[in-house]
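Trainee: I am new to this structure and would like to learn how to read it one feature at a time. Could we look at it together?

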Amino acid sequence: MFEKLVNIICNYVEVEPENVHPESRFMEDLGFTSFDFMSMLGEIEDEFDVEVQQEEAANIRTVQEAVSYLEKLVSEN
């Protein structure tokens, strides 16, 4: 799950996969804009066949938080 998410992240910001860590913050460390983040969520929904709740997504700050949230969504399907 982590590796898949890292690949998606690298489609949106100019960062090397080896520089993305579980504790990396989307905005501060990886350089995401709000638009990048929302666009990425759309791709995640398609890739994992889940529906991301906007209220939940607003609380996601780090890559690990995103992985944990996705794992929860996938397990509910």
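Trainee: Which exposed residues does the face of helix 4 turned away from its buried side carry?

Mentor: Before the answer, a word on the source: this is a predicted model, in which local features need pLDDT of at least 70 and side-chain atom pairs count only at pLDDT 80 or more, while totals for chains, interfaces and linings use all residues. Residues are numbered from 1 along each chain as its sequence is written, and side-chain values use heavy atoms, with hydrogens and water left out. Helices are DSSP runs of H or I with at least four residues, strands are runs of E with at least two, and both are numbered from the N terminus. A residue is called buried under 20% relative accessible area, exposed over 50%, and partly exposed in between, with a 1.4 Å probe and protein chains only. On helix 4, the face turned away from the buried side carries the exposed residues Ser75 and Glu76.

Trainee: Which residues of helix 4 are buried, and what do they pack against?

Mentor: The buried residues of helix 4 are Val63, Ala66, Val67, Tyr69, Leu70 and Leu73. They are on the same side of helix 4 because they cover an arc of only 165° around the axis, the arc being that of the directions from the helix axis to the C-beta atoms. These buried residues pack against helix 1 (2-12), helix 2 (34-48) and helix 3 (54-57), where contact means heavy atoms within 4.5 Å. Ser68 also lies in helix 4, but with a relative accessible area of 37% Ser68 is partly exposed.

Trainee: How does helix 1 divide into buried and exposed residues?

Mentor: In helix 1, Leu5, Val6, Ile8 and Ile9 are buried. Seen down the axis of helix 1, these residues fall within an arc of 165°, so they line one face of the helix. The face turned away from that buried side carries the exposed residues Glu3 and Asn11, while the cover over the buried residues of helix 1 includes helix 2 and helix 4.

Trainee: How do I read a cavity, and which residues line the largest cavity here?

Mentor: Rolling a probe the size of a water molecule over the atoms shows where empty space is left. On a 1 Å grid over the protein atoms alone, a cavity is a set of points where a 1.4 Å probe fits but cannot get out, and lining residues have an atom within 4 Å of a point. Here the count comes to 1 cavity of 30 Å³ or more, and the largest cavity holds about 40 Å³ of space, a volume being the space filled by probe spheres set on grid points that are joined across faces, edges and corners. Its lining is made up of Phe26, Phe37, Met40, Leu41, Ile44, Val52, Ile60, Ala66, Tyr69 and Leu70. Helix 2 gives the most to this lining, with 4 residues.

Trainee: Where do Phe32 and Asp49 lie, and is each of them buried or exposed?

Mentor: Phe32 lies in the loop between helix 1 and helix 2, and at 5% relative accessibility Phe32 counts as buried. Leaving aside neighbours within four places in sequence, Phe32 is in contact with Ile9, Tyr12, Val13, Phe26, Met27, Phe37 and Met40. Asp49 is found in the loop between helix 2 and helix 3, and Asp49 is exposed, with a relative accessible area of 63%. Although Asp49 is not a glycine, it has a positive phi of about 55°.

Note on methods:
On a 1 Å grid over the protein atoms alone, a cavity is a set of points where a 1.4 Å probe fits but cannot get out, and a pocket is an open set with protein on both sides within 12 Å along at least five of seven lines; lining residues have an atom within 4 Å of a point.
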